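Here is a short tour of a few places in one protein model. Have the sequence and the 3D view ready as you read.

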Amino acid sequence: MGSKYYITTAIDYVNSAPHIGTAYEKISADVFARFHRLIGDEVFFLMGNDEHSLNVLRAAAAKGMDPQAYTDEMEGVFRGIWDKLEIEFDRFIRTTEPDHVRGLSTLFRALEDDIYQGHYEGHYCESCEAFYQEKDLVDGCCPTHGTKPAWIKEENYFFRLSKYADRLLAHIEEHPDFIRPESRRNEIVQLIKGGLEDISITRAGTDWGVPLPMDESQVIYVWVDALTNYATGIGYGYDDERFAKWWPADAHIIGKDITRFHCVIWPSMLMAAGIELPKTIYGHGFVYFKGQKLSKSRGVTVDPLEAADVFGPSALRYFLMREGTYGRDVDFTWEQFRSRYDSELANDLGNLVSRTTAMVGKFLGGELRNLSSGSGDALRSLSADVRATVETEMLAYAPQAALAKTWELVRRANSFIEEEKPWVLAKEDRGRLEQVLFDVLEAIRQVAVLAWPVMPGKSEAILRELGLTLEPGGATLDELLAWGSEWGDAISVAKGEPVFPKYTDEDLAAKFDIVSGATTATAPRTEAAPEGAPADDTDSTDKGAGKMMTFQQFQELDLKLAKIIEAGKVEGTSKLIKMRVDLGGNDVRQMVAGIAEDYAADDLVGKTIVVVANLEPAKIRGIESQAMLLAAVDGGSIALVVPEKDLPPGTGVS
Ligand code: ZN
């Protein structure tokens, strides 16, 4: 039996549905959790939603909903997506749950000696829900959102963070695995060496949150509330035995943008409360998607998450774990996705499975004996080498290297078939034929097991074709993958549907239409405006009398509030302005619009406007415009559509 492994992800604000970046984090954590199950560890995998955010309160208000009812509804949205992506957690915690609220109050009583009342005055970015010191701002703006933070003046409570700087530095020094990868550790060390100030840990003037035990007129700051989920999720404050069993966390998997909270504030709170620190905090990179099209024949931009609907969740998971280096940023492009799908999944692995099962059917009637004792070295010794490397790389949070190594076995099995030519052996040497096909089947089994953490659905489908099932736990990887170990004496193989079917552009266009309800492709495409017209000036004759849009078509429009971060005239044009706009959630895009005759670029900066976020990008004067703004046009006069109340970028418009 292995050891215990407790892994968590960041919990998410529920003011908008998960995107590819959020999914990337959850998928990677699920991969590590599954790998530890596979090697016989006892695993607890915690995920959840962060519900006490002002962003959530605003999103609920915008829908005219009670915030609790809104978070209930969003729980379903999140769980649905995680389920679709084959993510299997042991608990999904919500910060409005009584367990969590109780545990959080307990923690605050444990922190009491380091909490004091004070006066807070400072910069607060409402999108981050974070306080910033002057020195952290970039040109007076939030480093993440590029927006001007609010100036907040409040009486609230502080935590003596400054007191823990030296102890924290010493801990980081003595525990090289505490913050990973190394680049993140270096950033945090620099940050701490630059000096830590005490932080405000409550907010006044709202009742959306958990009341501070010592002063119920204040609620606990949402970040401190959220961080505590890692402890309350396994019993802290209400089930001591469970907490003692799982704590400390073996891995907090988080985004690189929130390391300050996880690597500085959270461990300091734990030290203050006398609780052991987590073993590893892993700050992964971002997934960047620049709105590229799926194919030439499909004109619209397809969200990367839709890959799970069309190619299957295993394929999306494979791509995200194989592309790039875990810990660094990943670019998602459809071209690269399809290239890996076609070559590594459909050709290398899919084809290996289908040709082998087909040959066993055709030459041996689907039946053969367990011939593990007669196997030569060709696949057997490589498989032992692959297994060892996969284990090392996965324990080092390097799924890309583990997959690259696993595919060596896939390719070797394919070349072994070419060398041995079973179609010739079928006529000349039935004994050798059976041995060769057994060896290849066993290599396929090894690959399916090793790839299972990354592509559980497809691995299980492959094993089913071989007449096998996988129940991880209770055995070490060496036992599970001892050559030929899982088969009985008689093996029965049934060829199934192709595990990774090949698709043409036309197949894919049709499949994506089904996924998106068939309306996207048939709706008339709106071209971006040429120079001289505002970018939203669509042809009005197209919307003739009686031509109504369905509600579903309307819903497909992704209208959002966007904040203009930068604006400047496009050289050599009279009407075009190029802008950078913030759509919330780290989505910053470039946009071009023909509004220079009505607006000076400088006046635009800081304005919040309405944009269509899901329109395919267009090139205007060679500059890519990745969103389209809404404006009213009367003859030569243009008026931007702006919200009549201040709301954060990314807020949906419906
Ligand atoms: Zn911000």
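Predicted model: local features only at pLDDT ≥ 70, side-chain atom pairs only at ≥ 80, totals over all residues.

## Helix α3

The expected span of a helix is 1.5 Å times one less than its number of residues. Helix α3 covers residues 67-84, which makes 18 residues. From its first C-alpha to its last it reaches 26 Å, close to the 26 Å expected at 1.5 Å a residue.

Which residues of α3 are buried? They are P67, Y70, T71, M74, E75, F78, I81 and W82. Seen down the axis of α3, the buried residues fall within an arc of 145°, so they line one face of the helix. Their cover includes the helices α1 (20-38) and α2 (54-62), along with the strands β2 (12-13), β3 (42-50) and β4 (91-94). Just after α3, you will find E86 with a positive phi of about 60°.

## L477 in helix α19

Now move along to L477, which lies in helix α19 (residues 477-480). L477 has a relative accessible area of 2% and is buried, because buried means under 20%.

What does L477 touch, leaving aside its neighbours within four places in sequence? Its contacts are F35, L38, I39, R387, E391 and L450. As for E173, L477 is 304 residues away from it in sequence and 33 Å away in space, C-alpha to C-alpha.

## A nonpolar surface patch

Finally, look at M549, F554 and L557, which make a nonpolar surface patch of about 260 Å². F554 is found in helix α22 (residues 551-556). F554 counts as partly exposed because its relative accessibility is 31%.

Technical notes: Residues numbered from 1 in each chain as written. Heavy atoms only, no water. Patch = residues over 30% accessible without salt bridge, like charges linked within 9 Å, V, L, I, M, F, W, Y side chains within 5 Å. Areas by Shrake-Rupley, 256 points an atom, 1.4 Å probe, with all protein chains shown as cover. Salt bridge = Lys/Arg side-chain N within 4 Å of Asp/Glu carboxyl O. Helix = DSSP H or I, 4+ residues; strand = E, 2+ residues; numbered from the N terminus. Buried < 20%, exposed > 50% of the residue type's maximum accessible area, 1.4 Å probe, protein only. Arc of directions from axis to C-beta. Contact = heavy atoms within 4.5 Å.
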